[in-house]
Amino acid sequence: QFVALNCAAVPHELVDAELFGHSRGAFSGAVGARAGLFRTADQGSLFLDEIGELPASVQAKLLRVLETEEVRAVGEDKVVQVDVRIIAATNRDVDSMVESGDFRGDLVHRLAGLRIVLPALRERIEDLPALSLHFLADTGLGITATALERLMLHAWPGNVRELRNAMERAALLSRGELILPEHLPARVRAAVESPVPAEVPDAVRL
């Protein structure tokens, strides 16, 4: 089983209960017991997205769970054995966070059995056409070469999320079968203009 948690989307005071579970009445609003994501993902995988947003107190508890393979729910005394593979991701520089004291170095070392560094979109702009078509796959739309050029000239400070949002917006604005430059966000249309290479087709489709 695969279970995922966006650590940045959960209030800090609730991350503990979300991960490890809680008993009924363990805190205000806990009207019922909850197993928690570790127990839900037992014998499977738990994906912790934006792990750099975890509060320090939860970092310590997460490290203990990884070391002991035991979970104690909030408001309970007993521990439960779990077997969970952890996959973690973040767009923050955790090594710098360790140096500044904002993230536990021992937790980074415990998590980083296999570390994959994915460059920002601006550093692998050759992937942009394929990613653009991927985000348009469910719409059946193609994209003109001129619009694609504008995308490739943009710096993408928001990385792939910004591209996905731009494609969703363009799909909503399109009234034909193709994404045109005018369907793109203004910040993308403002990219420096340059001639479209002769070998680029008029439109790109899946």
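These notebook entries record what I looked up in the predicted model of this chain.

**Entry 1. Conventions**

I worked from a predicted model, in which local features need pLDDT of at least 70, side-chain atom pairs count only at pLDDT 80 or more, and totals for chains, interfaces and linings use all residues. Residues are numbered from 1 along each chain as its sequence is written, and side-chain values use heavy atoms, with hydrogens and water left out.

**Entry 2. The chain as a whole**

I began with the secondary structure and found nine helices and eight strands. Both are DSSP runs numbered from the N terminus, helices being H or I with at least four residues and strands E with at least two. Of the 206 residues in the chain, 38% are buried; buried means under 20% relative accessible area, exposed over 50%, and partly exposed in between, with a 1.4 Å probe and protein chains only. I then looked up contacts, defined as heavy atoms within 4.5 Å. Among those between residues at least 6 apart in sequence, 69% join residues at least 24 apart.

**Entry 3. Helices α6 and α7**

Two packed helices are described by the angle between their axes and the distance between the axes. I took this pair: α6 covers residues 128-136 and α7 residues 145-153, and their axes come within 10 Å and cross at roughly 115°. The axes are lines fitted to C-alpha atoms, for helices over the stretch in contact, and angles run from 0 to 180 degrees between N-to-C directions. The crossing of α6 past α7 is right-handed; a crossing is right-handed if the near helix is turned clockwise from the far one by less than a right angle, and left-handed if anticlockwise. Leu-128, Pro-129 and Ser-132 make the contact from α6, and Leu-148, Leu-151 and Met-152 from α7. I classed these residues as five nonpolar, one polar and no charged. In this scheme Ala, Val, Leu, Ile, Met, Phe, Trp, Tyr, Cys and Pro count as nonpolar, Asp, Glu, Lys and Arg as charged, and the others, Gly among them, as polar.

**Entry 4. Met-167 in α8**

Which residues does Met-167 touch, not counting residues up to four places away in sequence? I found Ser-132, Phe-135, Leu-136, Ile-143, Leu-151 and Leu-184. Met-167 is placed in helix α8 and is buried, with a relative accessible area of 0%. Its C-alpha atom is separated by 7.6 Å from that of Leu-184, 17 residues apart along the chain. Ser-132 and Leu-151 also belong to the contact of α6 with α7.

**Entry 5. Leu-107 in α5**

Leu-107 lies in helix α5 and counts as buried at 0% relative accessibility. Leaving out residues up to four places away in sequence, I listed Gln-59, Leu-62, Leu-63 and Leu-66 as its contacts. Leu-107 and Arg-64 are 43 residues apart in sequence, and 9.2 Å apart in space from C-alpha to C-alpha.

**Entry 6. His-183**

His-183 is found in the loop between β7 (178-179) and α9 (186-189). Is this residue buried or exposed? I recorded His-183 as buried, with a relative accessible area of 10%. With residues up to four places away in sequence not counted, His-183 touches Arg-169, Ala-170, Leu-173, Ser-174 and Leu-178.

Glu-50 lies in the loop between β2 (45-49) and α3 and counts as buried at 8% relative accessibility. Asn-159 lies in helix α8 and is partly exposed, with a relative accessible area of 29%.

**Entry 7. Pockets**

On a 1 Å grid over the protein atoms alone, a pocket is an open set of points where a 1.4 Å probe fits, with protein on both sides within 12 Å along at least five of seven lines; lining residues have an atom within 4 Å of a point. Grid points are joined across faces, edges and corners, and a volume is the space filled by probe spheres set on the points.

The largest pocket holds about 1200 Å³ of space. Its lining has 33 residues, of which Ala-88, Ala-89, Thr-90, Asn-91 and Ile-116 are the closest to the centre. At least two lining residues come from each of β5 (85-89), α4 (94-100), α5 (105-111) and α8 (159-173). I counted 18 nonpolar, five polar and ten charged residues in this lining.

The second largest pocket holds about 210 Å³. Its lining includes Phe-38, Val-65, Leu-66, Arg-110 and Leu-111, and α3 (56-68) and α5 each supply at least two residues. By class, I recorded seven nonpolar, one polar and three charged residues.
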